[in-house]
Amino acid sequence: MTVQTRDVHDVRDVRDVGIHDVQIHDGTRWHAVCTLDDLQPGRGRAVLLEDARQVAVFVDRAGTLYAVDNLDPFSGAQVLSRGLLGSRGDRPTLASPMYKQVFDLTDGRCLDDETAPDGSPAVLKIWPVRLAGSVAGGAK
Amino acid sequence: MTPDHRALRDLVLVGHGMVGQRFLAAFTAQPAARGWRITVLAEEPWPAYDRVHLSALFDGRTAEDLSLCPPGFLAEHGIDLRLGDPVTAIDRAGRTVTTRSGAELRYDALVLATGSVPFVPPVPGKDAPGCHVYRTIEDVDAIRAGAEEARTGVVVGGGLLGLEAAGALRAGGLTTHVVEFAPRLMAVQVDDGGGAVLRRKIEDLGVTVHTSAGASGVVTGEDGQVTGLALSDGRELAADLVVFSAGVRARDQLARDCDLPVGAHGGVVVDEHCRTADPAVLAIGECAQAADGRVYGLVAPGYQMAETAARTLAELPGEGFTGADTSTRLKLLGVDVASFGDPHGTAEGALDVLYSDSRGGVYRKLVIGPDGALLGGVLVGDTDAYGTLRPLAVAGKPLTVPAEQLVLPAGFANAGPVALPDGAVLCSCHNVTQGAVRAAVRDQGCDSVAAVRKCTRAGTGCGSCVKMLGTVVTEELEAAGVSTDKGLCEHFAHTRAELYEIVRVTGIDSFSDLLDRHGSGEGCEVCKPTVASILASLGNGHILDGEQGALQDSNDHFLANLQRNGSYSVVPRVPGGEITPEGLIAIGEIARDHGLYTKLTGGQRIDMFGATVDELPVIWRKLVDAGFESGHAYGKSLRTVKSCVGETWCRYGVQDSTTLAIELELRYRGLRSPHKLKSAVSGCARECAEAQSKDFGIIATSAGWNLYVGGNGGMTPRHADLLAADLDRETLIRTIDRFLMFYIRTADRLERTSVWLERLEGGLDHLRAVVLDDSLGIAAELDDLMARHIGGYQDEWAETLADPDRMRRFSSFVNAPGTPDPAVTFVPERGQIRPARPGEAGRSLTALTGPNAPVLIAGARLEVLTP
Ligand SMILES: Cc1cc2nc3c(=O)[nH]c(=O)nc-3n(C[C@H](O)[C@H](O)[C@H](O)COP(=O)(O)OP(=O)(O)OC[C@H]3O[C@@H](n4cnc5c(N)ncnc54)[C@H](O)[C@@H]3O)c2cc1C
Ligand code: SF4
Ligand code: FES
C-alpha cells in the first residue's frame with residue numbers, strides 16, 4: 001500500500017491556493033476529516049469514523065501527511081494520535097505515547113518489537129491520506 | 001544434581017555476624033563447598049546485618065535495610081541457619097557442639113565467628129535500668145526507647161564506637177556528654193593535634209567532652225533508675241541514660257571451655273590459615289587473635305580472615321592472613337576523620353609534616369620515614385586525600401611530590417596528581433590493588449565503576465575507595481582510547497548537559513533551530529521532550545506554545561497523566577500536603593460529578609483518574625475556580641514537598657516543617673528538570689516525612705535545618721547524603737536553589753539526582769564546593785536562573801484555559817469535537833470506577849462539555865457493587 005499524497009504537496013503551496021482539507025480513504029471513499037490548520041507539525045489528531053474505527057492523522061515539519069490506525073497494538077488503547085513523530089535513519093517514525101514503541105510510517109511496522117503481546121504482528125494499517133480542495137467540513 | 005549425602009562432610013559455623021556471613025559467601029563460591037553440608041548457629045534473632053552502619057537505625061533505616069544476607073542466599077546453598085540458638089559447649093574429642101535449645105550437632109570442621117562483647121567497666125551500678133551498651137539491633141531499640149524519656153545522656157568512651165553512640169543520642173534530642181579516660185578522643189586512631197581539632201568540632205555540635213576522666217560509678221535514684229554518672233576526678237554528671245562504649249572483648253569463652261589456647265588479652269589463637277590449635281576448628285573475625293598476635297576490631301581484617309578460612313577449608317593455596325592495615329576513614333557526628341598506616345610515627349627516624357587550621361577545623365598530619373616514604377597520617381575535618389594517601393603509605397614507596405604539598409589546602413598546593421604504584425591497594429575491604437582494577441578495565445572489558453565493582457568487588461565494602469576507583473577507571477579507559485558514546489540519540493551527538501549549555505549560550509529558542517544547527521533528521525521521542533524540557537528550564541514561555549507544544553510527551557501535551565486505557569488522571573497541587581476542608585470538598589465534588597476514581601498519592605495529594613481529553617479542561621476550569629493549580633504530576637519537574645506537621649502540632653517537632661515545605665513547593669513549582677523531583681521536610685530527627693528518600697530532603701534540627709540530597713525511593717532506593725547541616729532558612733533556600741540549578745544544568749536525560757550524584761566527578765564534596773563555596777564561580781548565574789524561574793512562574797492550567805488556541809487540542813476527535821472517546825470504558829469496583837479489562841463490557845463516562853450538560857455520577861450510570 002502506498003501513501004498517496006506523499007509526493008504531492010508542500011504546506012505553503014497548498015495554503016497559497018487555498019486547498020487545505022485533509023482527507024483519508026477508508027477503502028470505499030474519501031472522507032474529509034479536518035483542515036491542515038487543525039494539525040500541528042510533528043503531532044497528530046484522532047479521527048472517528050462512522051463505523052467507530054479510529055485513525056491517527058499527522059503532518060510532519062515538511063508538510064507530509066500520514067494516517068495510521070489509532071489503536072496501539074501494545075497497550076490495546078486508542079492513543080497513537082498522541083504519539084510523537086520523528087525519524088530513524090531516513091525513515092519517518094511515530095512513537096507510541098504508552099510504552100514508547102516506534103513505528104515506521106512508510107510501512108506501519110514496529111521497529112522495536114515484531115509482535116504485539118497477543119502474538120499478532122505489530123503492524124499498523126496505513127490509511128491513504130491527501131490534501132484536497134473539497135469544502136466539506138468533516139466526515140459527517 | 002543431588003549431592004550424595006553420605007559423602008557430605010559437616011561444617012558448623014558459630015555466629016552469623018559480619019565476618020561469619022562473609023565466610024559463607026566466600027566458601028560457597030568455591031567448588032569444594034559442594035562436598036559440605038553447612039549449618040549456622042546464631043545467637044541473634046536476625047540473619048547477619050551490617051553492624052558498622054548500626055547507627056543508621058537512628059536515622060530511619062530498618063533492620064531489613066542493614067541485612068547482609070541476600071534473599072535466597074541460604075536456600076541456594078542449602079545452608080541451615082538456626083537463629084536464636086547459640087552454641088553453649090564444644091566437645092572437641094567427640095567433634096560435637098551443643099546449643100542452648102539442647103540440640104547436638106556433629107562437625108567435621110567448626111568455624112568460630114563469635115565476634116566480641118562490649119566491655120563494661122566493673123563500676124557500681126553498671127547494670128541499673130538506664131545503662132546500655134551499643135552493639136546489636138536490640139541495643140539500639142533499648143537506647144531509642146530510653147531516649148524517648150531521657151533528657152541527658154552520657155557516653156562512657158570517646159573512641160570510634162563511643163562517638164557513634166554520642167551522635168545517636170544527640171540525634172535523639174538528648175543533651176549529650178562523652179567521658180574519655182585518655183587525654184584525647186579516638187586515642188588509637190589520632191594524635192593529640194588531631195584529637196584537639198576533633199574535640200572542638202564535636203563540641204561545636206553541642207556534645208560536651210570530658211577527657212582524662214573515667215567513670216567511677218553509676219548514680220541511681222530511689223527507684224533504681226540512673227540519675228547520673230560519678231567521674232574519677234570526683235565530679236558527677238547528671239544523666240538519665242548511660243551508654244558504655246569503652247572497648248570490646250573477644251568472645252572466646254567457648255574456646256576457653258574446651259581448652260583451646262587464647263591470647264593474653266583474649267582472642268582464640270589462630271595461625272595464618274586461621275586454624276586454631278585443633279586443626280578441625282578455625283576462628284575468624286573479632287573473636288580471633290591473628291597470627292601477628294593482634295585482635296582486630298575492624299571489619300576489613302575480619303573479612304580477610306573470612307576469605308582465608310574459606311581457602312583453608314577448600315584446601316586452596318594462599319598466603320594466609322598475617323596482619324592487616326588498620327587504616328580507617330569515618331564520619332563521626334558529621335566530622336570526617338581518617339587515620340592510616342602508622343599514624344603515631346613510632347618508626348625510628350620518622351618525621352611529621354603538619355597542617356593545622358583550628359578555625360576551619362582542618363588538621364592533616366603525614367608521617368614521613370627517613371627515606372622520604374610516607375608511613376602514615378591523620379586527617380581530621382577533610383579526608384579527601386585519604387584515597388590517595390593510604391595506598392601510598394601502605395605501599396611504603398617514597399613520595400613523588402614534596403610532602404608539604406599534600407597537606408596544604410588546595411590553592412596553596414600545586415602538586416600534580418600523585419602517581420600510585422600498581423601494587424598499591426585501592427580497596428582495603430577487599431584487598432584489591434590498582435593493578436587489579438586496571439586489569440579489569442583493560443582485559444575483562446569493565447567499562448564503568450559499576451562493572452569494576454561487580455568484577456573485582458572493590459568498592460563494595462565501606463565505600464571509601466569508590467572515588468579513587470572512578471579516577472583509575474577513567475584513566476584506564478582513556479588510556480585504552482575508549483570514548484563512550486554519550487550522545488542523546490541518533491539526532492544529537494551531544495549529551496543533555498551539552499545541549500543545555502548550547503541553548504543557554506546561543507539563546508536558541510526552538511527545537512527546529514537546534515536540530516538544524518546542531519543535530520540531524522527529524523528528532524524522536526527521546527530528544528524532543530528533552531529539548532522541550534531544556535527550553536522550559538531556561539524560561540522559554542508556556543510549554544504548549546508554538547513548536548514547543550509539538551515536542552512534549554503525551555502527558556505534558558495534555559497537562560495530565562496518561563493511564564492504561566487512554567484516559568488521563570489529574571492531580572492538583574496541594575503544597576506541603578496541607579489542604580483545607582473546603583479544598584477537600586471541592587475536589588470531592590468535582591471527582592463525584594465527573595465519576596472519577598480518587599486515590600491518595602504517596603506525595604500527600606489527591607489523584608483523580610478516568611478523565612478523557614475532552615473532560616480535562618472542564619475539570620480544570622472547576623479546579624482553578626476552586627483555587628487549585630496544576631500539580632505538574634505529568635511533567636519532569638517538581639512533584640511535591642511532603643511534610644509532617646512539625647513543631648506546630650507534634651510533641652517532638654523542633655521546627656515548623658509544614659511552613660517550610662509550603663514555601664519550598666511554591667518556590668520550585670513548575671521547574672522543569674531532567675527527571676521528576678521529589679522533596680520532603682521533617683520537623684525533627686524522627687523523620688516522619690521520609691526526607692532522606694527524596695531528591696532533596698530537609699530535616700529540622702534544634703539549630704536549623706539539615707539538607708539531604710540525592711535520595712530516591714522506587715525501584716532503586718538510595719539514602720540521601722547530608723549536604724550541609726544546621727543551615728538557617730536563608731542559606732538553606734539558597735543552597736537548594738543552587739543544587740537544583742546545578743543538577744538541571746549538568747544531569748543527563750532522565751537521570752535522577754541519586755544517579756547524577758553518584759556519577760558526579762568528585763561526588764558530594766565537589767557538589768558541596770560548588771553550591772556552598774562557589775568553587776566554579778557559577779553561583780551567581782545559578783541564583784539568577786532560579787530567580788528567573790520564580791519570577792516567570794505561571795499556572796500552566798490557568799494559562800491554558802485562557803487561550804482558545806491551546807484549548808483546541810482537548811478534543812478526542814478532530815472531526816467530532818465533544819464526542820468522548822468510546823473506546824475508553826470502565827467497570828465499577830469497590831464503589832468507584834476502574835478501566836475495563838480486555839473482554840470486559842465496560843461503559844464510558846459522559847463527556848461534560850457544556851456548563852449545562854447533565855451531571856452524572858459514576859454510581860448513577862454504573863451499577864456499583866459493594867462487597
Ligand atoms: C556501632 C558500631 C560501629 C562500628 N563501626 C565500624 C567501622 O566504622 N569500621 C569498622 O571496620 N568496624 C566497625 N565496627 C566493628 C565491626 O562491626 C566488627 O569488626 C565486625 O562486626 C566484626 O564481625 P564479627 O563477625 O567478627 O563479629 P559480629 O559482627 O559481632 O558477629 C558475631 C556474631 O556471633 C554471635 N555469637 C556470639 N557467640 C555465639 C555463640 N556462642 N553461638 C552463636 N552465635 C554467637 C553474636 O551474637 C554475633 O551475632 C563497628 C561496630 C559497632 C558496634
Ligand atoms: S518528624 Fe515531624 S511528625 Fe515526626 S516526630 Fe518529628 S516533628 Fe513530629
Ligand atoms: S576500601 Fe572499603 S570498599 Fe573499598
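Trp36(B) is buried, at a relative accessible area of 9% (buried means under 20%, exposed over 50%, partly exposed in between, with a 1.4 Å probe and protein chains only). The model is predicted: local features need pLDDT of at least 70, side-chain atom pairs count only at pLDDT 80 or more, and totals for chains, interfaces and linings use all residues. Residues are numbered from 1 along each chain as its sequence is written, chains are lettered from A and ligands numbered from 1 in the order in which they are written, and side-chain values use heavy atoms, with hydrogens and water left out.

Over all chains there are 16 aromatic pairs (Phe, Tyr or six-membered Trp rings with centres within 6.5 Å; planes under 30 degrees apart are stacked, over 60 edge-to-face, the rest tilted). Phe27(B) and Trp36(B) have ring centres 6.3 Å apart and planes at 75°, so this pair is edge-to-face. Phe27(B) is buried as well, with a relative accessible area of 1%. A cluster linked by ring pairs holds Phe558(B), Tyr568(B), Trp620(B), Trp797(B) and Phe810(B).

Two charges sit over rings (NZ of Lys or CZ of Arg within 6 Å of the ring centre and within 35 degrees of the ring normal):

| Charged residue | Ring | Distance to ring centre |
|---|---|---|
| Lys125(A) | Trp127(A) | 4.5 Å |
| Arg130(A) | Trp30(A) | 4.0 Å |

Thr39(B) is buried, with a relative accessible area of 7%. Beyond its neighbours within four places in sequence, Thr39(B) has contacts (heavy atoms within 4.5 Å) that include Leu11(B), Asp80(B) and Leu105(B).
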